[in-house]
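User: Hi! Could you walk me through this one? I'd like the overall picture and then some detail.

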Amino acid sequence: MFTGLSAFPLTPLANDEVDFPSFIRIIERLAASGTDSITALGSTGSYAYLTNAERAKVTHLTVEHAGGIPVFIGVSALRTSQVLTNVNEAQRAGAAALLLAPMTYQPLTADDVFGLYKAVSGDTDLPIIVYDNPNTTHFTFTRELYGRIAQLPGIASIKIAGVPTCPAQARKHLQAIRAMVPSHVTIGVSGDAFAAPGLNAGCEAWYSVVGGTLPRLALRMTRLAQEGHADEATAESERLAPLWSLFTEFGGSLRVIAAIAEHLSLVQNNSLPLPIQGLNPNQRTRVAEVVKALGLAA
C-alpha cells in the first residue's frame, strides 16, 4: 500500500464549519482518478483545526467514499491520549493505515517522539506512516531517530521532508536513510517540488499535496518515475515550476492549493479555517494565471 501516489485532500470549510458535501465530492473525485491511496487529515486536511467530532466524521466519510482505495488517516494531536482516541476512530471506520506526526506546542525531544510512536504502535495493529514535516511541526527527525522508530512493530513508511534536487545528492540522501531503516519500511517523498527528484532517486511513494486537488497531474509524474522515465518526470516537474514557486512565495502549499480548489469550484470560497484567511485578491489572480498557463483546469 505504501508506494505510488498518496493524495492529501483539503478538508474544506464554509462559514466556519466543515463543508462535508464538498469534501465528499473531493474524495469521490480522487477515487475516480485511480490514485494509489488517499490520506485524509494530514496538514493539507487542516486536522489541527478540527474538533474531535469533525475529525471522526471526516474519517468515516473518507473510507465510505474512497471506492475501495486504501485510506490513510492522520491521527496527530498534542496529547498521546488524544492520538489514541483518533487511532480507535480510524480503526472503527476501516482505515487501512495511520499517519502520525509529532504535533507539539512545547518543544519535543527525540525521546518524547520515540515514546509517542512506541505508545501508538503498541495500541494498534494498523500500519503507521511516520510523518516528518518540520516546517509545520517544528520538530526535525534525525536519521538515527528514523532508525529507532522504524524498529517498532507496525511502522510501514516514512514520509521524509524533501530531497536534494541534484540527482546524485538525492540518491546519496536516500541511501543514508535506507541504511538506517528495515527494507520493509518504504520511504516516501513530500514537498511537491521534490517529488520527481525523490521518486527518481528511489523513494517508493509520493505523499502529495497537489495530488489531493489535481490527482491526474500528480499521477502522471508518479507513473513516469515509476516506469523509469526519469528525464520525463523531471521535465514535468520543471514545467510546473511556476506552481512550486507560488508555494514558496505564499508561505507554503496550503493557501495556494485552497485557492486552486476554490478557483476550480471544487470547494466554496474562504475554505480554510480561520484565522487562516487564505490568499488576497491579487495573489488569487496570480494563482488563476498559473492555473490557466499550465492547463491545470483540464
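Predicted model: local features only at pLDDT ≥ 70, side-chain atom pairs only at ≥ 80, totals over all residues.

User: Great. How many helices and strands are there in the protein?

Analyst: The protein has 13 helices and ten strands. Its radius of gyration is 18 Å, close to the 19 Å that the globule rule gives for 298 residues, so it is as compact as a globular protein of that length. Along the principal axes, the C-alpha atoms fill a box of roughly 45 × 45 × 35 Å.

User: And what share of the residues counts as buried?

Analyst: Of the 298 residues, 54% are buried. Looking at contacts with a separation of 6 or more, 70% come from residues 24 or more positions apart.

User: Switching topic, where do the charges sit relative to each other, I mean the centres of the two sets?

Analyst: They lie 2 Å apart, with 21 positive and 24 negative side chains in the protein.

User: Now helix 3, please. What is its span?

Analyst: Helix 3 covers residues 80-93 and reaches 20 Å from its first C-alpha to its last, close to the 20 Å expected.

User: Which of its residues are buried?

Analyst: Val83, Leu84, Asn86, Val87, Glu89, Ala90 and Ala93 are. An α-helix has 3.6 residues a turn, so residues three or four places apart point the same way.

User: What do those buried residues pack against?

Analyst: Their partners are helix 2 (52-65), strand 5 (71-74), strand 6 (97-100) and helix 4 (110-121).

User: What comes just after helix 3?

Analyst: Gly94, which takes a positive phi of about 95 degrees.

Notes
Residues numbered from 1 in each chain as written. Heavy atoms only, no water. Helix = DSSP H or I, 4+ residues; strand = E, 2+ residues; numbered from the N terminus. Rg over C-alpha atoms; globule rule 2.2 N^0.38 Å. Buried < 20%, exposed > 50% of the residue type's maximum accessible area, 1.4 Å probe, protein only. Contact = heavy atoms within 4.5 Å. Lys, Arg positive; Asp, Glu negative; His and termini not counted. Charge placed at Lys NZ, Arg CZ, Asp CG, Glu CD. Expected span 1.5 Å × (residues − 1).
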